[in-house]
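Reader: I am new to this structure and would be grateful for a guided reading. May I put some questions about its pocket, its surface and its salt bridges?

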Amino acid sequence: MEYFSVVAKWISDKAAQSFVVFFVFLIILVWAITGLPLHFSVTWYLIFSTFEAVISMIMLFIIQNSQNRHTIAIQLKLDEIIRATKGAHNEMMDIEKLTDEDLAKVQKKYGLLAEKTKKDLKKGMLDTHSPDVKEGIIEERV
């Protein structure tokens, strides 16, 4: 599995460079030009379609792998910020493990807290009404 990650990272890094667009354009141009002498036959079309489908499937998995690595890295960085910030809620570090229903509850509570904080800031109050997260249900700290 480590080999796949190394290869996927290398390919995704190379595929993000501008010369790749030129290279793909060149391949399409060659394909179109070779179609003329072959009279745009079914075999000519099938060869290119098969090549394109294989490359697309490989790139799909490489892009998904790259996106997963980036998501994990971002999540770890956010967890470190939460952990290192005084007054932050360490319960938020594992919030992605909650069920969809519990996440919706947390999101709704944070929306209500945001509205309350906006109103209080207009009044000159500085309390942000930080909530506690306990098993997917947020309770406001008193």
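The questions and answers below concern a predicted model.

Reader: What is the volume of the largest pocket?
Author: The lining of this pocket includes two or more residues from each of helix H1 (2-15), helix H2 (18-35) and helix H3 (42-84). The volume of the largest pocket is about 520 Å³.

Reader: Which residues are the closest to the centre of the largest pocket?
Author: The largest pocket is lined by 18 residues. By class, the lining has 15 nonpolar, one polar and two charged residues. The closest to the centre are Val20, Phe23, Val24, Ile27 and Ile55.

Reader: Is Val24 buried, partly exposed or exposed?
Author: Val24 is found in helix H2. It also belongs to a nonpolar surface patch of about 970 Å², together with residues including Phe22, Phe23 and Leu26. A residue joins a patch only with over 30% relative accessible area. Val24 has a relative accessible area of 41%, so it is partly exposed.

Reader: How many salt bridges are found in the whole structure?
Author: One of them joins the side chains of Glu80 and Arg83, and another joins those of Lys97 and Asp94. A search of the whole structure gives a total of five.

Reader: What separates Glu80 and Arg83 along helix H3?
Author: The side chains of Glu80 and Arg83 meet in a salt bridge at 2.5 Å, N to O. Glu80 is partly exposed at 38% relative accessibility, and Arg83 is partly exposed at 48%. Because the two residues are three apart in helix H3, what separates them is about one helical turn.

Reader: Is Lys97 buried or exposed?
Author: The side chain of Lys97 meets that of Asp94 in a salt bridge at 3.9 Å, N to O. Asp94 is partly exposed, with a relative accessible area of 45%. Exposed means over 50%. Lys97 has a relative accessible area of 65%, and therefore counts as exposed.

Reader: Is Asp102 buried or exposed?
Author: Asp102 forms a salt bridge with Lys105 (3.9 Å, N to O), and the two are three residues apart in helix H4 (residues 100-122). Lys105 is partly exposed at 44% relative accessibility. The cut-off for a buried residue is under 20%. Asp102 has 16% relative accessibility, so it counts as buried.

Technical notes
Residues numbered from 1 in each chain as written. Predicted model: local features only at pLDDT ≥ 70, side-chain atom pairs only at ≥ 80, totals over all residues. Heavy atoms only, no water. 1 Å grid on protein atoms, 1.4 Å probe; cavity = no way out; pocket = protein on both sides within 12 Å on 5 of 7 lines; lining within 4 Å. Points joined across faces, edges and corners; volume = space filled by probe spheres on them. Helix = DSSP H or I, 4+ residues; strand = E, 2+ residues; numbered from the N terminus. Nonpolar A, V, L, I, M, F, W, Y, C, P; charged D, E, K, R; others polar. Patch = residues over 30% accessible without salt bridge, like charges linked within 9 Å, V, L, I, M, F, W, Y side chains within 5 Å. Areas by Shrake-Rupley, 256 points an atom, 1.4 Å probe, with all protein chains shown as cover. Salt bridge = Lys/Arg side-chain N within 4 Å of Asp/Glu carboxyl O. Buried < 20%, exposed > 50% of the residue type's maximum accessible area, 1.4 Å probe, protein only.
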